[in-house]
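Visitor: I would like to go through this model and ask what stands behind each label.
Guide: Good. Here it is.

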Amino acid sequence: MMKKRLLALFFFLFTSTLTAEETTLRKENAMNSPNSTIRLIYPQWQGGRITALLPELLPEDASRGYYLGSQLLNLLAPETSHKTVTVPVSLEIGERKVENGVLDRAVILQQSKVALELLRENQPDRIVTLGGECSVSVVPFAYLAEKYGQEVAILWIDAHPDINLPGDEYPAYHAMALTACLGMGDEEITRLLPGKVEAAKTLLVGLRAYEKSGGTKERQQKLGLASLTPAEVARDSTPILEWLKKTGAKKVLIHFDLDVLDPAEIIAAVGTDPNGLKLEQVVRILNDVAAQYDVVALTVAEPMPRLAIKLRNMLHQLPLLCE
């Protein structure tokens with residue numbers, strides 16, 4: 001374990017030592033490239049209602065933990081020539097009321113509008129999104145679904161199906177993220193979204209947990225959403241590649257929720273359902289797909305940095321640092 005950590009640290013330091021000239025050259029090459037990729041920092045946290053699941057943290061820290069998680073993902077990710085675009089996200093907690101069956105609906109709608117405006121302004125061909133809770137995939141996927149139409153398929157790599165709807169017992173928007181990508185949900189939000197993907201071209205990977213309130217398993221069957229458990233893709237990626245081939249898709253939108261990972265190896269998200277995918281398995285799946293298909297979207301979502309939050313709070317109480 002220590003060896004792996006040292007290797008990871010070495011990789012991070014190595015990739016962070018580009019000279020100013022090298023960085024400038026990379027940026028110039030990216031701007032001149034006919035296929036542009038942007039890194040979208042989207043620290044939206046309002047789609048979650050998770051404080052009860054994180055009793056070790058103060059409620060406000062737990063609620064806004066995804067915001068810090070998004071920033072840390074950006075810090076830890078390799079430096080590239082891709083343009084970085086940040087979606088401004090409010091840190092005000094406020095009343096957190098449920099409106100039309102969606103928690104914090106007004107602020108989510110506003111931030112979705114801003115995110116879409118930023119994408120239209122930059123006109124990317126590919127989007128790497130670092131979230132934030134799961135709903136940060138909705139706007140980028142809808143934008144790319146409009147751009148590429150029937151060519152796209154979704155791989156939703158997640159412990160949960162995220163197919164709730166307004167009016168369900170759990171009103172948090174991050175549990176409605178996939179249904180929103182399918183064009184279902186709050187009417188005003190879905191009208192805002194420029195494109196959608198068919199359920200027949202959507203695959204849930206790593207699924208092993210459903211909402212306790214019930215109904216999502218039946219909804220998955222009704223929608224005809226295919227799914228694969230961690231055990232079914234543990235050895236190789238063949239089931240995913242065979243499914244993609246049947247769809248006829250040429251381009252793939254990948255949503256990677258960190259709660260799909262096995263908590264016995266790493267706890268990086270709120271969810272800790274056992275028997276998840278190993279880190280090396282997720283890396284293998286994503287690279288196997290990228291070797292055969294054009295991956296035009298990759299979202300990494302639901303980072304909950306428990307340790308970093310505690311360290312931050314400690315640092316904010318030390319002498320000299322706070323002066």
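**Labels and cut-offs**

Guide: Helix H6 is followed by Gly149, whose phi is positive, near 60 degrees. Helices (H or I, at least four residues) and strands (E, at least two) are DSSP runs, numbered from the N terminus.

Visitor: What kind of model is this, and which pLDDT do local features need?
Guide: This is a predicted model: local features need pLDDT of at least 70, side-chain atom pairs count only at pLDDT 80 or more, and totals for chains, interfaces and linings use all residues. Residues are numbered from 1 along each chain as its sequence is written, and side-chain values use heavy atoms, with hydrogens and water left out.

Visitor: Why is H6 called largely enclosed by the rest of the structure?
Guide: Buried means under 20% relative accessible area, exposed over 50%, and partly exposed in between (1.4 Å probe, protein chains only). In H6, 9 of the 11 residues are buried, so the helix is largely enclosed by the rest of the structure. Among them are Val138, Pro140, Phe141, Leu144 and Tyr148.

Visitor: What makes Phe141 and Trp156 an aromatic pair, and of which kind?
Guide: Rings of Phe, Tyr and Trp (its six-membered ring) pair if their centres lie within 6.5 Å; planes under 30 degrees apart count as stacked, over 60 as edge-to-face and the rest as tilted. Phe141 and Trp156 are 6.2 Å apart, centre to centre, with 85 degrees between the planes. The pair is therefore edge-to-face. By this rule the count comes to 1 aromatic pair. Phe141 lies in H6 and Trp156 in strand E6 (residues 152-157), so the pair ties together parts that are 15 residues apart in sequence. Phe141 has a relative accessible area of 1% and is buried. Trp156, at 0%, is buried too.

Visitor: How do you know that Lys251 lies over the face of Tyr148?
Guide: A charge sits over a ring if NZ of Lys or CZ of Arg is within 6 Å of the ring centre and within 35 degrees of the ring normal. Lys251 lies over the face of Tyr148, at 4.8 Å from the ring centre.

Visitor: What makes the phi values of Asp104 and Gln123 worth a remark?
Guide: Most residues other than glycine have a negative phi. Asp104 has phi near 55 degrees, and Gln123 has phi near 50 degrees. Asp104 sits in the loop between strand E4 (102-103) and helix H5 (105-122). Gln123 is in the loop between H5 and E5.

Visitor: Are those two residues buried, exposed or partly exposed?
Guide: Asp104 has 9% relative accessibility, so it counts as buried. Gln123 has 43%, so it is partly exposed.

Visitor: Where is the peptide bond from Gly131 to Gly132, and is it cis or trans?
Guide: The bond is cis, with omega near 25 degrees. Gly132 lies in the loop between strand E5 (126-131) and helix H6 (138-148). Most peptide bonds are trans.
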